[in-house]
Amino acid sequence: MPGAIYAEGLVKTFGNVTALDGVDLDVPEGTVLGLLGPNGAGKTTAVRVLTTLLQPDSGKAFVAGIDVLKHPNEVRRSIGLSGQFAAVDEYLTGRENLHMVGRLYQMNAKAAKVRAGELLDRFNLADAADRPAKTYSGGMRRRLDLAAALVVSPPVMFMDEPTTGLDPRNRQQLWEVIQELVAGGTTLLLTTQYLEEADRLAHDIAVVDHGKVIARGSSDQLKARTGGERVEVVVHQSDQLAPAREVLAGFGKGEVKTDPHTRQLTVPVTGGAKLLAEVIRELDTRGVEIDDIGLRRPTLDDVFISLTGHAAETANAEDAEDTEGADGAAKSKGRKEAGK
Amino acid sequence: MSAITDAAPAPRAGGGIAGSVRDSLVVAKRNLIRMKRIPEVVLFGLIQPIMFVVLFTYVFGGSIQVGGSLSQQSYREFLMAGIFAQTVTFATAGAGAGIADDMHKGLIDRFRSLPMARGAVLTGRTLADLAQTAVTLVVLAGVALLIGWRTHNGIPKALGAFALLLLLGYAFSWIGALIGLTVRTPEAATSGGLIWLFPLTFISNAFVDSNNLPTFFRHIAEWNPFSTTVQAARELFGNLPPGFRTPDAWPMQHAVLASVLWSVLILVVFRSLAVRKYRRAAG
């Protein structure tokens, strides 16, 4: 039984660049899949295929049990899309934007009006409801865009980097909204560059690089593969590297790496903040003077280094998506500018 | 659960001609609201043709011979249909820039992910442009009346002339839509939408008597769809100068019919090309 979002062998090339190189996805109903990867990994292309915006060269895709390639308009009734760049009409007010989207989801005028009012209240936009969206802050725009995607409470939602470029407070707010949405039973496919975001929101994570899913699993599983937490210490003087190393070796779960040049030592650990406190105490007892100490959790870069042996490359493939037709370049460039 | 997930009515099945008309009107309304909020665009759209009326009337009027007449009044009346027609075709650039802007900002993606009629985004835009063009024509006709333009065949025929002009403008806005979908940046759509309009509107009978053109240009001018509407409007307004000899070319001899045929042909061809382009307009 395929999930609410199902894809098999999706391939899409733009000119001589392969944006999707045989992507398989299966998202059970009511769960969240985080599609994690650097810019240009193919995340956006995958979302565009699944939301009927782009025809793949080959492969199968089903959303809410409907064949995306055969019945795109049926699929459109069952999905909401919230993009990387808030696609709202900036000259229309928040209310007018939502009303228009409701009408285009084929709601009647009255129902669309009522629904617009509900969403504006829910997304804390009621005060700004009758101002043109161009007067909104970035966070407000993003909320309006998300509201527009939720006009019909679609069973399946796609969010393409929903919090990219948002400040921490707005990011936090948006996460809460998304969690509430998922608690209500919505199936969600979320793309992100932030491991933290996937960690917080997704049941499952698929790591994408160069158009391929290179790893999948829960966030804990991925972290385990990445090596988990590490303690990093920078000692004050080089002659303290040796005693510090001894201390760390006692607490660590693996090899202690030493960089004499930066006077930095790194060791994989388990035990979190409590362990960190013990390490600090022990270093103090041994009279090691430290400039800096911290507990590092795996970042997207760490995941990538661990999975692929290379750091996450930014750019490239996303630029390659631009080459889809001579006209694509100008567009994507423009959208990046618009996103700033 | 909260207002996010419940209370939303299930979307009704759209589709059919009624659905298509409704979606187009929703989009047209959106574009009209935008025009209201950005009045500069409408304003500049008005200033330009008014400038042309004044420039041509007072700078060239009296130097350009139309029919057998060099009189200022004859040229003034002769000129107006040409200016009207040029004004409606300039709506092309507006439609192109608007649609390119929507692509650029990701709005087209939003529309394409909605279960709406496929051509409605473009139809809505072109209908809004048609409304804007109609307003522009009304104001321009007022200015023309002020500086002495008159019609001589009664109001129904004059209204018929305006209908032909609007039909031409509507057909041309679909060329603009196609340009906008193709170039994708508003800047390129504006210049790309305007450049070809200059030869089109100048190698015509809009500002001069085509009988006076060199043979090669005369043939182009007389078969130019744009000229046909100008000639038709002049006939209906009763603005052909005394002693004017209607060229022998078929579209000039049957200007009203030819004008309708040309406009409908342009409309059908460019509408299908634009809608097809829109469907595949994956960015």
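In the predicted model, Thr51(A) is located in the loop that links helix H1 (43-50) to strand S4 (58-63) of chain A, where helices (H or I, at least four residues) and strands (E, at least two) are DSSP runs, numbered from the N terminus. Thr51(A) is buried, its relative accessible area being 0%; buried denotes under 20% relative accessible area, exposed over 50%, and partly exposed in between (1.4 Å probe, protein chains only). The side chain of Thr51(A) reaches the backbone oxygen of Arg48(A) at 3.4 Å. Apart from neighbours within four places in sequence, Thr51(A) is in contact (heavy atoms within 4.5 Å) with Ile79(A), Leu81(A), Phe158(A) and Ser113(B).

This is a predicted model in which local features need pLDDT of at least 70 and side-chain atom pairs count only at pLDDT 80 or more, whereas totals for chains, interfaces and linings use all residues. Residues are numbered from 1 along each chain as its sequence is written, chains are lettered from A and ligands numbered from 1 in the order in which they are written, and side-chain values use heavy atoms, with hydrogens and water left out.

Chain A also contains an open sheet of 4 strands in the order S12-S13-S11-S14, with antiparallel pairing; two strands pair if DSSP finds at least two bridges between them. Strands S12 (257-259) and S14 (290-296) of chain A stand at the edges with a single partner strand each, so one side of each has no neighbour in the sheet. From one strand to the next, the twist averages 15°.

Strand S11 (residues 229-235) of chain A is joined to strand S13 (residues 264-269) of chain A by 6 bridges in antiparallel fashion. Across this pair, Glu229(A) stands opposite Val269(A), and Arg230(A) has Pro268(A) as its bridge partner. S11(A) and S14(A) are likewise antiparallel, over 6 bridges, and Val235(A) stands opposite Ile290(A) in S14(A). In a regular strand, side chains alternate between the two faces of the sheet. Glu229(A), Val231(A), Val233(A) and Val235(A) point one way from S11(A), with Arg230(A), Glu232(A) and Val234(A) pointing the other way, and all are buried.

Helix H9 (residues 241-251) of chain A lies across S11, S12 and S13 of chain A and runs at about 5° to S13(A); axes are lines fitted to C-alpha atoms, for helices over the stretch in contact, and angles run from 0 to 180 degrees between N-to-C directions. Helix H10 (residues 272-285) of chain A packs on the sheet and touches S11, S13 and S14 of chain A, its direction making about 160° with that of S14(A).

Definitions and conventions: A polar contact is a pair of N or O atoms within 3.5 Å; within protein, one must be able to donate a hydrogen and the other to accept it, and residues adjacent in sequence count only if both atoms are side-chain atoms.
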